Amino acid sequence: MKKTIILMAVLFLGFTMYAQESSERKKLPSVNIKTLDGKTFNTQDIYNDGKPVVVSFWALWCKPCKKEMDAYSENYEDWQEETGVKIYAVSIDDARSTAKVLPFVSGKGWEMEVLLDPNGDFKRAMNVNMIPHTFLLDGNGNIVYQHTSYYEGLEDELYELIEKVAAGEDISNH
Amino acid sequence: MMKRVLLLVTAVLFMGLAARSQFSEMIKKSEVHGSFEFDGAYYMPDDVIGITDSMINGRNFAFNGFGNITYTLGKFSAGIRYEAYLPPLAGFDPRAEGQGFPYIWASYTSEKFSFTIGNFYEQFGNGLTLRTYEEWSLGYDNSLNGARVTYEPVRGLRFKGVYGMQRFYWTPYTKNSRGIVKGVDAELDFNQVFKKMSESKVQLSIGGSFVSKYQADQDPLYKLPRNVGNMAGRLNFGVGRFNLSTEYAYKINDPSAINDLIYKEGQGFLISATYATKGFGLYAMFKRYDNMSYKSNRAITANGLDINFLPPNTETHTFMLTSMYPYNTQPNGEIGFQFQLNYKVPKKSKLGGKYGMGIAVNYSQVNDIVRDPVNVPGTDTTATGLPGTDGWTSPFFKFGKTVFWQDFNVEIDKKFSKKFKALLQYMYQTYDIATLEGHTGMPTVHSHIAVMEMTYKFTSKNALRWEVQGLWTQEDKGDWAAILLEFTASPHWFVSVSDQYNYGNPDEDLSIHYFTGSFGYTYRTTRIALTYGRQREGIVCVGGVCRAVPASSGFTLTVSSSF
């Protein structure tokens with residue numbers, strides 16, 4: 001039994017490595033999560049009419065995440081004007097505090113789209129180990145960049161990339 | 001079961017291989033993602049905190065690690081996770097020691113229908129009847145191994161069904177070793193299903209779930225229920241800026257090691273209301289749990305094999321000293337409430353300054369429920385909570401005398417300029433350490449905590465952040481002070497040092513400094529961090545589950561990545 005599992009695992013790994021090499025695209029998976037008013041939302045509906053999208057995972061208990069969101073929020077108006085980018089802030093707070101996310105976000109005055117992933121389904125599907133974890137998607141919905149953790153000033157680096165993506169540049173070698 | 005899953009996975013893979021012409025096409029459409037993490041530690045003896053060589057017993061090195069691979073091809077996806085605890089880090093359950101593949105799954109997902117076999121995570125409503133999840137930092141994983149079906153005949157009407165047995169560390173399932181779990185859930189969103197309501201100001205959705213566990217009765221003394229049902233109904237209602245959400249769960253009698261074998265039914269109730277408008281948010285909630293522990297093995301008392309999840313109703317604190325005494329749900333009975341206010345003082349106002357100012361006020365309290373005695377069967381006496389009885393009766397909305405927890409905190413944050421911002425927090429806490437940590441007889445801890453955090457940006461990429469904190473209490477270990485300094489160079493580097501000093505410990509020999517230094521490097525999704533120092537004894541909680549962390553001294557290394 002044990003040998004079978006290990007053999008299978010190795011086969012599976014080998015196959016996936018091969019597939020990884022030749023894989024052409026990286027898109028968002030289809031996962032049902034929630035909106036702030038408790039509606040079901042499928043992550044494949046994350047869309048911005050051909051313009052760049054940022055998907056960032058955060059939680060009320062994660063201080064660096066909240067700082068990152070504050071930084072996005074401060075710049076969001078300018079960023080939108082210049083590049084048309086749309087930011088989705090996905091909270092992974094569980095049932096303990098999902099209901100607190102809406103008043104918190106309102107109290108902060110954040111204008112980003114906020115989604116709830118209370119059992120980490122989207123987080124798991126995106127292979128997010130720790131938060132904050134931020135993804136940048138181009139206008140065709142391809143994931144072109146991702147980053148974990150937040151340091152002061154990181155938003156500037158992200159914005160440079162958003163500008164390039166909005167201008168149709170390839171940032172895969174960035 | 002596992003073998004069958006694997007066979008299916010291979011079958012699908014080799015079907016692809018067989019059709020060679022289609023193979024390259026298939027590869028092009030394939031997506032592979034994955035992630036891994038390695039948490040290693042080197043423990044060293046430290047006389048000051050009482051860690052000796054013989055306690056370490058040659059196990060200086062410890063590590064927890066996992067690797068995760070997910071494969072997707074159109075509607076088909078499959079995944080596998082490897083885990084190793086060789087041996088587990090200090091504070092993790094010793095039963096975690098070992099390695100293997102605890103998470104193997106394959107699923108098919110179409111627009112209306114999905115089918116998953118193998119290990120899966122699922123939550124019904126708030127989790128009062130069922131929630132399986134994993135929390136790496138706690139070593140917690142109660143995944144179900146079996147099958148799950150979801151069906152959505154029309155948008156907004158959803159059905160789910162699950163069947164399986166739960167993971168318990170590395171112990172394989174054998175007959176009667178633990179229960180079998182099955183459950184169904186339905187959810188109806190009126191605004192999506194009924195066209196008339198699609199443009200309505202009123203938002204309404206309802207849901208219901210029923211979960212049952214089967215475990216053989218092998219008790220020599222008592223006749224125990226072999227099938228225990230747990231059912232719940234929920235409602236979400238919103239008008240404009242107002243939102244109300246509630247769930248009520250009822251569980252039939254379920255004598256267990258946690259409730260000391262009482263034949264009482266269980267109840268869980270949650271209700272929360274919010275009002276939110278730009279710059280202002282209000283939250284209020286009430287909850288009550290009475291005998292709501294629900295595990296797939298009635299003999300287990302520690303973390304593990306939980307079928308349901310009882311969300312705590314307290315704020316999750318994260319500063320070093322505000323998180324010293326975290327709350328932990330009491331499944332046998334608790335009643336509590338919470339309020340929160342978030343307000344942003346507008347930009348360019350007198351108080352708000354150029355950037356505005358954030359204010360958050362939070363209050364939460366949890367008490368014991370009232371427990372009135374019941375008749376002891378076969379006698380004319382009455383008692384409370386005795387094995388074999390109906391346990392207790394309890395008036396639904398009445399607060400018991402014992403206060404488990406109380407937390408009043410105010411947080412103010414303000415950005416003064418492009419370069420400088422600050423945060424202040426004050427917290428008053430009441431913590432029933434005897435109940436919450438099982439230190440019977442110890443007096444309740446009342447503490448005042450203050451935190452100041454400041455950040456200064458030298459350049460657009462370099463910043464210094466520092467924290468000064470104090471905790472003052474007459475009880476437990478007395479007063480603490482803490483400082484932290486962190487320098488970050490975006491996007492790659494950080495260096496930080498911190499010290500927590502228990503200067504007010506009634507025992508002068510235990511007035512200890514807990515000093516740590518760490519640095520780390522991040523490149524895209526890869527993060528490496530090395531820490532050296534002393535870890536104070538404490539409790540780490542995530543969500544509703546807590547883990548006791550023993551004092552230790554040494555190095556820890558974390559490497560994490562995903563693709």
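How many residues of chain A are in contact with how many residues of chain B? In this predicted model, 56 residues of chain A are in contact with 77 residues of chain B. Local features need pLDDT of at least 70 and side-chain atom pairs count only at pLDDT 80 or more, while totals for chains, interfaces and linings use all residues. Residues are numbered from 1 along each chain as its sequence is written, and chains are lettered from A and ligands numbered from 1 in the order in which they are written.

**View 1. The side of chain A that touches chain B.**
Contact means that the C-beta atoms of two residues, placed from the backbone, lie within 7 Å. Helix H1 (2–22), helix H3 (98–108), strand S7 (143–148) and helix H5 (154–166) of chain A each supply at least two residues to this side. Helices (H or I, at least four residues) and strands (E, at least two) are DSSP runs, numbered from the N terminus. H1(A) gives the most, with 11 residues. By class, this side of chain A has 21 nonpolar, 21 polar and 14 charged residues. Nonpolar covers Ala, Val, Leu, Ile, Met, Phe, Trp, Tyr, Cys and Pro; charged covers Asp, Glu, Lys and Arg; the others, Gly among them, are polar.

**View 2. The fold of chain A.**
Chain A has five helices and seven strands. Along the sequence they follow the pattern α-β-β-β-α-β-α-β-α-β-β-α. Residues 24 or more positions apart account for 70% of the contacts in chain A with a separation of 6 or more.

**View 3. The open sheet of chain A.**
Seven strands lie in the order S2-S1-S5-S4-S3-S6-S7 (chain A), with mixed pairing. Two strands pair if DSSP finds at least two bridges between them. Strand S2 (40–42) and S7 of chain A are the edge strands, and each pairs on one side only. The twist averages 30° from one strand to the next. Strands S3 (residues 53–58) and S4 (residues 86–91) of chain A run parallel, joined by six bridges. Val53(A) stands opposite Lys86(A) in S4(A).

**View 4. Helices H2 and H5 of chain A.**
Helix H2 (residues 63–83) of chain A packs with H5(A) at an angle of about 20°, their axes 12 Å apart. Axes are lines fitted to C-alpha atoms, for helices over the stretch in contact, and angles run from 0 to 180 degrees between N-to-C directions. H2(A) is therefore roughly parallel to H5(A), a term for angles under 35 degrees. From H2(A), the contact uses Ala71(A), Tyr72(A), Asn75(A), Trp79(A) and Thr83(A). H5(A) brings Glu155(A), Tyr159(A), Ile162(A), Glu163(A) and Ala166(A). Six of the contact residues are nonpolar, two polar and two charged. H2(A) also lies across S3 and S4 of chain A, at about 150° to S3(A). H5(A) packs on the sheet, touching strand S6 (133–137) and S7 of chain A.

**View 5. Helix H3 of chain A.**
H3(A) is mostly covered, with 11 of its 11 residues buried. Among them are Val101(A), Leu102(A), Pro103(A) and Phe104(A). A residue is buried if 20 or more other C-beta atoms lie within 10 Å of its own, exposed if 12 or fewer, and partly exposed in between, with C-beta atoms placed from the backbone. Gly109(A) follows H3(A), and its phi is positive, near 75°. Across chain A, buried residues make up 50% of the 174 residues.

**View 6. Glu453(B) in its strand.**
Glu453(B) sits in strand S22 (residues 445–457) of chain B. Why is Glu453(B) partly exposed? Glu453(B) has 19 other C-beta atoms within 10 Å. Leaving aside neighbours within four places in sequence, Glu453(B) is in contact with Ala422(B), Leu423(B), Arg465(B) and Glu467(B).

How values were computed. Parallel < 35°, antiparallel > 145°, perpendicular 65-115°, else oblique.
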